[in-house]
Amino acid sequence: MSENIVLSCVRDNYNRMWLATVGGINVVDQNGETVRPVGNNNIISILEDSARNLWVATQKGIIIVNPERDGARTLDRAHGLSNDFVQSFYKFDDKVVVTTNGGINII
């Protein structure tokens with residue numbers, strides 16, 4: 001694991017556990033035998049949306065990961081987020097509510 005302090009976790013539709021730590025994301029496989037670190041950002045929170053994308057909260061914005069395509073994109077102030085320091089997520093219908101140090105965003 002990239003760090004021993006786990007701040008958030010989510011199980012995806014493939015029964016993998018995604019662990020958010022202060023040292024990055026760690027993926028635990030279906031059998032719990034392999035842990036694979038992904039990235040090295042300070043991760044605050046993580047959420048899986050209805051389209052199976054993983055929303056990763058960092059101090060530098062949101063990283064949206066599509067595990068099926070091994071792709072990722074970033075949302076930050078340059079893309080309309082109220083602040084780059086993301087605190088948490090909440091699913092509401094088909095939207096994601098994002099809290100930041102600059103307020104609430106509904107995406």
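**Loops, a patch and a salt bridge**

Let's start with Asp93, which counts as exposed because its relative accessibility is 65%, past the 50% cut-off for that label. Keep in mind that this is a predicted model. Asp93 sits in the loop that joins strand E9 (86-92) to strand E10 (95-100). Its backbone is worth a look too: Asp93 isn't a glycine, yet its phi is positive, at about 55 degrees.

With a relative accessibility of 36%, Arg52 falls between the 20% and 50% cut-offs, so it counts as partly exposed.

Next, the nonpolar part of the surface. Ile5, Leu7 and Val22 together make a nonpolar patch of about 230 Å². Take Leu7 as the way in: this residue belongs to strand E1, which covers residues 6-11. Leu7 has 42% relative accessibility and therefore counts as partly exposed.

Last stop, the charged side chains. How many salt bridges does the model have? The count comes to one. The partners are Arg16 and Asp12, whose side chains meet at 2.8 Å, N to O, well inside the 4 Å limit for calling a salt bridge. And are these two buried or exposed? Both Arg16 and Asp12 are buried, which means each has under 20% relative accessible area.

Conventions: Residues numbered from 1 in each chain as written. Predicted model: local features only at pLDDT ≥ 70, side-chain atom pairs only at ≥ 80, totals over all residues. Heavy atoms only, no water. Patch = residues over 30% accessible without salt bridge, like charges linked within 9 Å, V, L, I, M, F, W, Y side chains within 5 Å. Areas by Shrake-Rupley, 256 points an atom, 1.4 Å probe, with all protein chains shown as cover. Helix = DSSP H or I, 4+ residues; strand = E, 2+ residues; numbered from the N terminus. Buried < 20%, exposed > 50% of the residue type's maximum accessible area, 1.4 Å probe, protein only.
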